[in-house]
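Subject: Structure handover

Hi,

Here is the structure I promised to pass on. Please open it and keep it beside this email as you read.

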Amino acid sequence: MSKIFIDACFGKKTPYTPVWMMRQAGRYLPEYMQIRKKIGNFLDMTKNPEIVAEITLQPVRRLDVDAAILFSDILNLPMEMGLPLRFEKGIGPVFDKTINSEKDIEILDESASEKISYVYEGVRLIKNDLPDNKALIGFCGSPWTVSTYMVEGRGSKQYAKIKKMVYANPSLLHKLLNKVTNQTIKYLSKQVESGADAVMVFDSWGGALEREKFFEFSWEYMKKIAKEIKTNYPQIPVILFSKGVGLYMEGMDGEFDVLGVDWNTPIDYALEIFNDNYTLQGNMEPTRLYSKVATKEAVTKIAEIMKGHRHIFNLGHGILPDVPVENAKYFVDLCKEVTRR
Ligand code: CP3
């Protein structure tokens, strides 16, 4: 059976525009919160293949989205490379050990992509239960975004430490980025070998960099990952998503299939730049989900702009934890309804 999400990734004609939501496997779902309460700890949830599969499938059952995204986190890989990770209430992810020197990079574990087998087992379990017409998206963080956490130790407003590296010690940073990139390629390849139907690279902090440095320190590495996957698995769509870099779009090229458009970037602007060279994914402002009226307004407008073009519906960033499930369902149903041909 054909998967409408995969067809749309490759720009093939589909009966309607497929839809899924970033962070769809998460806290706005009561069935997710129930499991979290039982397990107690987010990271423990990501390390348990049965739970990974269950949470990945929850939004598919509840919302009938066209794609599932693996339940995990972009920081599991650097954790397995040797940086103990914890999630702190009110702060988010924290690495107590950070990368400051050549030596710190040298001791990073290059067998991390093998140690992270709970992800691959999760993928296999998901594929056993996922309906044939739905796709499973595997994912990773971009080397730049992952490295910001490895260097800063936590989410940051200024990115003072890593940006100091950008300008004062670029060769050290490139060393780190290369190591993370090599592990990431192996990690995504194994997700594909285990059954992922598509892969997505999340570059949430690309927008922390000026244009020239964005291409040097983030996009080049994303491109390398995409090229490697496309060379070895041409049938697997690759989705690249950088947040906060709409004005740099003109320079974005490479061997990938889908470009995620964040909510700060008008999708008609992105369409003008890329035409139909790539499928555009996005980009409703996630906060619109608090209002059905605001949701309808945006869905209608995006559908109108993207009519006849390569498109996958999504939000322009992750869904927020207190969005009513009913509104999420309304969004998904509406995207399909207004684009049905
Ligand atoms: O999209 C999905 O549903 C799949 C799973 C997924 C998670 N994180 C689960 C998660 C994906 C694709 C991610 C990506 C991720 N993780 C990114 C890139 C995308 C983005 O949102 O910009 C980043 C930067 C992270 C790092 C991370 N993980 C942060 C900053 C946080 C805490 C902030 C927050 O939203 O609370 C997490 C925790 C996290 N990752 C949760 C989930 C469901 C919440 C855990 C919980 O409290 O139960």
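Below are my notes on the sheet, the hairpin, some helices, the salt bridges and one glycine.

**Ground rules**

This is a predicted model, so local features need pLDDT of at least 70 and side-chain atom pairs count only at pLDDT 80 or more, while totals for chains, interfaces and linings use all residues. Residues are numbered from 1 along each chain as its sequence is written, and side-chain values use heavy atoms, with hydrogens and water left out.

Helices (H or I, at least four residues) and strands (E, at least two) are DSSP runs, numbered from the N terminus. Two strands pair if DSSP finds at least two bridges between them.

Strand 1 pairs with strand 4 (residues 135-141) in the parallel sense, over three bridges. There, Ala67 has Ala135 of strand 4 as its bridge partner.

**The hairpin**

Strand 2 (residues 85-88) and strand 3 (residues 92-95) run antiparallel, joined by four bridges. Glu88 stands opposite Gly92 in strand 3. Three residues sit between the strands of this hairpin, and Gly90 takes a positive phi near 85°.

Glu88 also forms a salt bridge with Arg86, with the closest N and O atoms 2.2 Å apart. A salt bridge is a side-chain nitrogen of Lys or Arg within 4 Å of a carboxyl oxygen of Asp or Glu. Buried means under 20% relative accessible area, exposed over 50%, and partly exposed in between (1.4 Å probe, protein chains only).

How many salt bridges are in the whole structure? The search finds 20. Side chains of opposite charge can pair when their charged atoms come close.

Glu31 and Arg62 meet in one of them, at 2.7 Å from N to O. This pair links distant parts of the chain: Glu31 is in helix 2 (residues 30-39), Arg62 is in helix 4 (residues 49-63), and they are 31 residues apart. Arg62 is partly exposed, at 35% relative accessibility.

Asp257 and Lys230 form another, with the closest N and O atoms 2.8 Å apart. Asp257 is in the loop between strand 6 and strand 7, while Lys230 is in helix 12, 27 residues away. Asp257 is buried at 10% relative accessible area. Lys230 counts as buried too, at 14%. Salt bridges that share partners also join Asp64, Lys134 and Lys336 into one network.

Helix 14 (residues 292-306) has 15 residues and reaches 21 Å from its first C-alpha to its last, close to the 21 Å expected. The expected span is 1.5 Å times one less than the number of residues.

Its buried residues are Ala294, Thr295, Ala298, Val299, Ile302, Ala303 and Met306. They cover an arc of only 155° around the axis, so they are on the same side of helix 14. The arc is that of the directions from the helix axis to the C-beta atoms. The face turned away carries the exposed residues Val293, Glu297, Lys301 and Glu304.

Helix 15 (325-339) is among the elements covering the buried residues of helix 14. Helix 15 has buried residues of its own, including Phe331, Leu334 and Lys336. Their cover includes helix 2, helix 4 and helix 14.

**One glycine**

Gly195 is in the loop between helix 11 (170-194) and strand 5. Gly195 is buried, at 19% relative accessible area. Leaving aside neighbours within four places in sequence, Gly195 is in contact (heavy atoms within 4.5 Å) with Val123 and Lys127.

Best wishes
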